[in-house]
Amino acid sequence: MKEEFQPLFQPLTLANGQTIPNRFVLAPMTHTISNEDGTASEREIAFVDSRTKGIGLGITAASYTNVEGKAFPGEPSISKAQDLEGLRRVAETIKANGAKAVVQIHHGGVKALPHLVPDGDVKGPSEVETYGFGQSEPHRARAMTTDEIRQAIEDFGHATSLAIQAGFDGVEIHGANHYLIHQFFSPYYNRREDMWGEPMRFPMAVVDEVVRVANEEGQEDFIIGYRFSPEEAESPGITMSRTKCLVDALIEKPLDYLHVSLSSIQSVTREGEYEGEKRISLLLDWIDNRMPLIGVGSIFNAQDLLAAQETGVPMIALGRSMLLDPAFVEKIESGREADIIDYFDPEREDQHHLPEEIWQAFNSGQYPSPKKQ
Ligand SMILES: Cc1cc2nc3c(=O)[nH]c(=O)nc-3n(C[C@H](O)[C@H](O)[C@H](O)COP(=O)(O)O)c2cc1C
């Protein structure tokens, strides 16, 4: 291995005492290949196995805590007892590759898909017309009642209990990418005038419930992470200043890591007080080593990895690069970084060893990536 990559192969011990064997994280990635009822499919197990080689912390695809929040076809479920058998296999598969296994717990909120949820009843913080995954036409979503909000919080706790029973090392609370928790935090999606209109209330209630369940079940070393999107394009939207408040509040919680969702780790603030400043640097500054941060975004080869490392972020998640080349980490570790496949090649006969659905999504440009010239 090249000397400069050695720090990435150092273990990291989290606040709860769990040690992550290295600094590489598999970014959560929706694969759309679970069974229709949300239980794990054979193809899904094979996919998870192939994408967690060499990884220190493997995060699963967003998995719904209640079918009312199902936002993708073939989305995994972590909402019912029947899910346990498959969830156990997913956790075992990740752990057998030497990684800690974390399941991303998710509710789509207004982004749930009408044809996937009971009675087409899509709901979130406030009424809105919006687009979901793969939709060319928008759908309408209604505002949740306070009882439904409380139920959604409990569902995150229930999912945590299922994750523990299934043998996962932890959960990641999906507070990013325009889904339910993000929606409550966003001034665009949350127009409520009751107590739930306060942007921090719902995200914090979810964190407290997940922590409560983990403690109640005697799982003091259970990993609890939180993923967030630091800015959004909507207006009025989440700004870096608003995110600073979120980070300040999350730091006070007994969480083990924060995970920022970015399409490029080198991206800069879009507008406002911090315009033009690198988001990852701002976050690291605010967090000030009080909690590990996972950075992510457009790390396709050794050069990108070095630049990511130079930001000072303690853990680095890989998404598309692990799809294009599942041996990414192993190649870095064995000094074969020049062999990393860092672009999408629609003519590859092996189709990058991707499930057909993901291959098609890359081919149609749904996940923009460097392409073969
Ligand atoms: C196919 C695909 C599926 C994704 N699904 C999820 C998901 O389920 N949950 C999530 O938080 N982010 C999801 N993302 C975002 C990634 O976790 C990651 O933040 C993003 O792809 C940027 O990292 P990358 O440049 O390494 O791909 C997905 C991205 C891709 C490409």
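1. A polar contact here is a pair of N or O atoms within 3.5 Å; within protein, one of the two must be able to donate a hydrogen and the other to accept it, and residues adjacent in sequence count only if both atoms are side-chain atoms. By that criterion, a backbone N or O atom of Pro28 lies 2.8 Å from an oxygen atom of the ligand. The side chain of Thr30 has an N or O atom 2.7 Å from an oxygen atom of the ligand, and for the side chain of Arg227 the corresponding distance is 2.6 Å. On its own the ligand has 600 Å² of accessible area, and the protein covers 92% of it (Shrake-Rupley method, 1.4 Å probe; for residues, only the protein chains shown count as cover).

2. The model is predicted: local features need pLDDT of at least 70 and side-chain atom pairs count only at pLDDT 80 or more, while totals for chains, interfaces and linings use all residues. Residues are numbered from 1 along each chain as its sequence is written, and side-chain values use heavy atoms, with hydrogens and water left out.

3. The ligand is surrounded by 18 residues, where a residue counts as near if one of its heavy atoms lies within 4 Å. Thr30, Arg227, Ser298, Gly319 and Arg320 are the closest.

4. UniProt, in an unreviewed entry, places the feature "domain: NADH:flavin oxidoreductase/NADH oxidase N-terminal" at residues 8-338; its positions are given in the numbering used here, feature names are shortened, and annotations may be inferred rather than shown by experiment. Over residues 8-338 the chain is 32% helix and 16% strand, with helices (H or I, at least four residues) and strands (E, at least two) taken as DSSP runs numbered from the N terminus. The end C-alpha atoms of this stretch are 18 Å apart.

5. Strand β10 (residues 170-175) is largely enclosed by the rest of the structure, because six of its six residues are buried. Buried means under 20% relative accessible area, exposed over 50%, and partly exposed in between (1.4 Å probe, protein chains only). Gly170, Glu172 and His174 point one way from β10, Val171, Ile173 and Gly175 point the other way, and all are buried.

6. β10 has parallel pairings with β6 (residues 100-106) over four bridges and with β11 (residues 223-228) over six bridges; two strands pair if DSSP finds at least two bridges between them. Val171 in β10 is the bridge partner of Val103, and Glu172 stands opposite Gly225 in β11.

7. A separate point concerns an open sheet of three strands in the order β7-β9-β8, with mixed pairing. β7 (123-124) and β8 (128-130) are at the edges with a single partner strand each, so one side of each has no neighbour in the sheet. β7 and β9 (residues 139-143) run parallel and are joined by two bridges; Lys123 has Arg142 as its bridge partner in β9.

8. Lys123, in strand β7, is buried at a relative accessible area of 4%. The side chains of Lys123 and Glu68 make a polar contact at 3.1 Å. Not counting residues up to four places away in sequence, Lys123 touches Glu68, Gly109, Val110, Ala141, Arg142, Met144 and Glu148, contact meaning heavy atoms within 4.5 Å.

9. Two buried loop residues can be checked in the same way. Asp83, in the loop between β5 (63-64) and α2 (84-96), has a relative accessible area of 2%. A polar atom of the Asp83 side chain lies 3.0 Å from the backbone nitrogen of Ser79. Asn190, in the loop between α4 (180-185) and α5 (201-216), counts as buried at 8% relative accessibility. The side chain of Asn190 reaches the backbone oxygen of Trp196 at 2.9 Å. Among the residues that Asn190 touches, not counting those up to four places away in sequence, are Pro125, Ser126 and Phe184.

10. Helix α7 (residues 279-287) is mostly covered, with seven of its nine residues buried: Arg279, Ile280, Leu282, Leu283, Leu284, Trp286 and Ile287. The buried residues of α7 pack against β11, α6 (240-251), β12 (257-260) and β13 (293-296).
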